[in-house]
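Colleague: Could you take me through the strands of this model, one question at a time?

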Amino acid sequence: MADAFHEAVPLAELQEDGHALMQAEGTPIALFHHEGEVRAVNNRCPHMGFPLTEGSVDEGVLTCHWHHARFELSCGDTFDPWADDVDTYPTEVRDGVVYVNPEPRRSEPPGVHWRDRLDDGLEQNLSLVLAKSAVALQDAGVDPTETVETGVLFGTRYREGGWSSGLTILVALANRLDDLEDEDRKRALFQGLTEVASDCADQPPKFDQDEFEASDVPFERLKSWFRENVEVRDADGAEHVLRTAVASGRGEDRLTELLVSAATDHRYLNTGHTFDFLNKATEALDLIGWDHEHAADLLASLVRGLATADRAEERSSWRQPADLAAMCADSFDRLDDMVAAGEGETWAKPDDLTDRLHSEDPEVVFDALDDAVRGGAAVEELAAAVTHAAGKRVAQFSTGNEFSDWNTVHHTFTYANAVHRAAGRTDATELYRGVYDAAVNVFLDRFLNMPPAPQPSVEADAEPAEALDQLLLCFEQQGEVNAAGAHAAHFLDGGGDPAELKAELGHALLREDAGFHTFQAYEAACRQFDVRYGGDDDEALSPGARDMLVAAARYMAAHFPTRREREQTFSIAARLLRGERLHGEESDADPDVEVTADD
């Protein structure tokens with residue numbers, strides 16, 4: 001049987017020099033003689049890989065001289081949570097020679113260790129620790145849903161203000177993991193977790209309200225109570241009601257109905273963010289499970305945002321020159337009758353519906369919506385149509401506008417996408433109001449398509465590989481918005497695999513220091529593309545599907561490139577975990593000579 005211990009260095013030499021370096025089975029090991037004891041640790045500082053043989057030891061503490069991470073020398077535990085613990089190794093002295101066993105003393109499985117480190121990274125907002133955790137957990141075979149669950153539960157518990165952009169980004173990226181290559185899945189988890197940690201940094205935790213003791217309150221009464229509390233901006237009272245609805249066993253359809261009824265009592269809350277957060281919280285529950293505890297905490301995190309949201313009908317743009325809020329109210333007064341009129345009807349989407357929704361006359365827009373409801377359009381069908389109209393605004397956004405106006409068309413698109421997604425979870429009549437809100441914003445955004453950016457011509461003979469290369473080149477330069485949209489379109493025109501395009505768009509997104517809206521834009525565009533294209537190789541690509549990825553490419557090109565600081569952090573983490581050198585050769589050992597055990 002092979003000896004597990006490897007010959008390292010004569011003890012007298014180690015005593016004289018104080019430290020030595022060896023390699024065993026590919027692992028660089030630093031040896032120290034301190035206070036009469038021989039100690040062995042991994043030579044690469046677990047923080048960023050600096051050689052620990054270039055550090056110093058005093059009173060049993062090993063200090064790295066680069067970022068001053070400190071380690072208890074005998075066990076490797078760190079004093080500094082941002083640094084991680086360093087592996088230590090058993091040693092023996094035989095006939096005046098030091099031997100080392102390169103099997104670390106720690107027996108903790110990688111999945112367990114990195115789950116704990118993920119908690120540390122979230123609690124202390126440590127981006128490098130989060131990057132290492134995201135990479136290591138994937139490499140250890142941990143289901144990414146578990147990592148997402150950790151981030152989601154942390155974000156809902158440790159931010160008094162409730163659900164916000166960080167959690168939305170994490171869930172948006174989790175939704176698209178299947179589109180991404182393996183390394184980009186790790187990037188996606190890192191980016192999402194970093195956003196959650198940043199959102200919660202220095203924020204007070206959320207203290208929960210309890211459900212009512214009564215468990216037999218009829219749903220319609222709970223719904224009325226919830227809406228009334230949100231109406232008067234009483235977040236605590238609304239949370240009591242919501243938690244009671246969860247505790248009484250209401251399912252996802254009823255809980256979604258409760259939320260969307262309050263979220264559509266007023267117009268386009270917080271420029272659409274409130275409803276988008278609502279949708280992302282329910283999508284998070286789709287990922288991690290709708291058990292009572294999860295549902296109560298995640299949905300309760302939405303209540304403060306609902307109760308405190310800005311209401312669009314209070315803005316002049318919704319009142320002048322056309323009183324759009326009043327026009328909505330008129331349609332809503334007739335909504336039950338219009339839905340009843342459409343019962344049993346099969347709605348056929350008119351060929352000119354997008355043009356009508358893009359009309360410069362609000363009466364035309366409202367007539368189109370009213371006609372659709374009376375014609376039997378289910379809320380999900382009508383929401384899909386309005387979402388396309390909103391996405392086309394992005395695909396044809398005029399670059400002559402102010403840069404900030406990208407967000408105006410973006411908000412409408414992601415709001416419409418959220419309403420469409422919610423319609424897959426509940427058929428509550430109130431949700432039609434969200435469709436009308438989205439359509440009103442499509443109308444309000446009309447000036448941002450004047451003149452509209454030209455739709456890319458269809459080029460069936462385009463070479464997909466060349467189009468994709470050109471698209472990615474657009475992301476390396478500023479201002480290549482129209483070119484990016486054209487290259488994305490021509491990739492599809494030439495028969496390129498949409499899955500490849502979504503993966504490359506995702507890769508381009510994840511190497512950037514992207515902002516909240518860019519993550520949203522990618523996820524919503526991919527989602528709406530999937531709605532319009534089933535993935536069958538023989539299926540013709542509809543213009544509507546093409547518009548969605550053109551919109552994503554144009555929006556991304558408008559916001560790239562960035563400094564890519566997070567990509568640098570991710571690269572460092574990945575290289576450290578692969579055991580790669582970040583700082584050149586270990587000076588005290590020949591890297592080409594490896595000490596191995598004798599047979």
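**Strands and their partners**

Modeller: In β3, the residue that bridges to Q23 is P28. This is a predicted model, in which local features need pLDDT of at least 70, side-chain atom pairs count only at pLDDT 80 or more, and totals for chains, interfaces and linings use all residues. Residues are numbered from 1 along each chain as its sequence is written, and side-chain values use heavy atoms, with hydrogens and water left out.

Colleague: How many bridges pair strand β2 with β3?

Modeller: Strands here are DSSP runs of E with at least two residues, numbered from the N terminus, and two of them pair if DSSP finds at least two bridges between them. For β2 (residues 19-24) and β3, which pair in the antiparallel sense, the number of bridges is six.

Colleague: Why is strand β3 largely enclosed by the rest of the structure?

Modeller: A residue is called buried when its relative accessible area is under 20%, calculated with a 1.4 Å probe on protein chains only. Strand β3 covers residues 27-34, and it is largely enclosed because the buried residues among its eight number seven.

Colleague: Which residue takes a positive phi in the hairpin of β3 and β4?

Modeller: Strand β4 (residues 37-42) runs antiparallel to β3 and is joined to it by six bridges, with I29 standing opposite N42. Their hairpin has two residues between the strands, and the residue with a positive phi near 55° is E35.

Colleague: Which strands are the edge strands of the open sheet?

Modeller: The open sheet has three strands in the order β1-β9-β8, paired antiparallel. Each edge strand pairs on one side only, and the two are β1 (6-10) and β8 (91-94).

Key: Buried means under 20% relative accessible area, exposed over 50%, partly exposed in between (1.4 Å probe, protein chains only). Helices (H or I, at least four residues) and strands (E, at least two) are DSSP runs, numbered from the N terminus.
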